[in-house]
Amino acid sequence: MTRFCLVLLCMLLGACTPVAMTEGPSVANYVYRIGSGDRLKIQTFGESTLSGEFAVSAEGTIAFPLVGDVPVGGKTVTEFKDDLTQRLGSQYLRNPRISVEMVNFRPVYILGEVAKPGEFNYSERMSVFALVAKAGGFTYRANQSYAFIRREDETEEKAVRLTSATAVQPGDTVRIPDRVF
């Protein structure tokens, strides 16, 4: 009988192996980087033909008049604005004044133990809890202490401890696991 109890206890403990968790990026210190699927609004003051909305291609570029394909993937909005200003100023315009703003971010995805899993619009400095709220909240079976997050440029998901400051990044897939007990 004691041997049976010992085997049963080992099986139960084996089923409850803890998940190796990491700390996710914080909403407070997250720096947004432009990526494929984003839309940018570029305004070149005094030059209506060099203004408009531009979609970032799968290659991480935009097709901009005069200068052609401009790499934007992985840059911040400020870095891209400075690069485009330099490109236009070096060959085409004297003292170009440019403004760049995000029109549309890549979507984020949530699945698992939420009321309405699916694709949602990303908003700047979004937390996992804000995404869960957009998805109708946790189900009664949800484990609210951690989530599995797969970043857009990664192939494996990672367990991340949930806090009110855990950031979601555009293109992320978040999976809310169920509770064991």
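Arginine 151 is placed in the loop that runs between strand E9 (146-150) and strand E10 (158-161); helices (H or I, at least four residues) and strands (E, at least two) are DSSP runs, numbered from the N terminus. The model is predicted, so local features need pLDDT of at least 70 and side-chain atom pairs count only at pLDDT 80 or more, while totals for chains, interfaces and linings use all residues. Residues are numbered from 1 along each chain as its sequence is written, and side-chain values use heavy atoms, with hydrogens and water left out.

With a relative accessible area of 11%, arginine 151 is buried (under 20% relative accessible area, with exposed over 50% and partly exposed in between; 1.4 Å probe, protein chains only). Arginine 151 lies 9.8 Å from valine 108, C-alpha to C-alpha, and the two are 43 residues apart in sequence.

The whole structure contains 6 aromatic pairs. Rings of Phe, Tyr and Trp (its six-membered ring) pair if their centres lie within 6.5 Å; planes under 30 degrees apart count as stacked, over 60 as edge-to-face and the rest as tilted. The ring centres of phenylalanine 54 and phenylalanine 64 are 5.2 Å apart and their planes are at 45 degrees, so this pair is tilted. Because phenylalanine 54 lies in strand E3 (residues 52-55) and phenylalanine 64 in strand E4 (residues 61-64), the pair ties together parts 10 residues apart in sequence. Phenylalanine 64 is buried at 3% relative accessibility.

Phenylalanine 105 and tyrosine 122 form an edge-to-face aromatic pair, 5.1 Å centre to centre with 70 degrees between the planes. Ring pairs link Tyr32, Phe105 and Tyr122 into a cluster.
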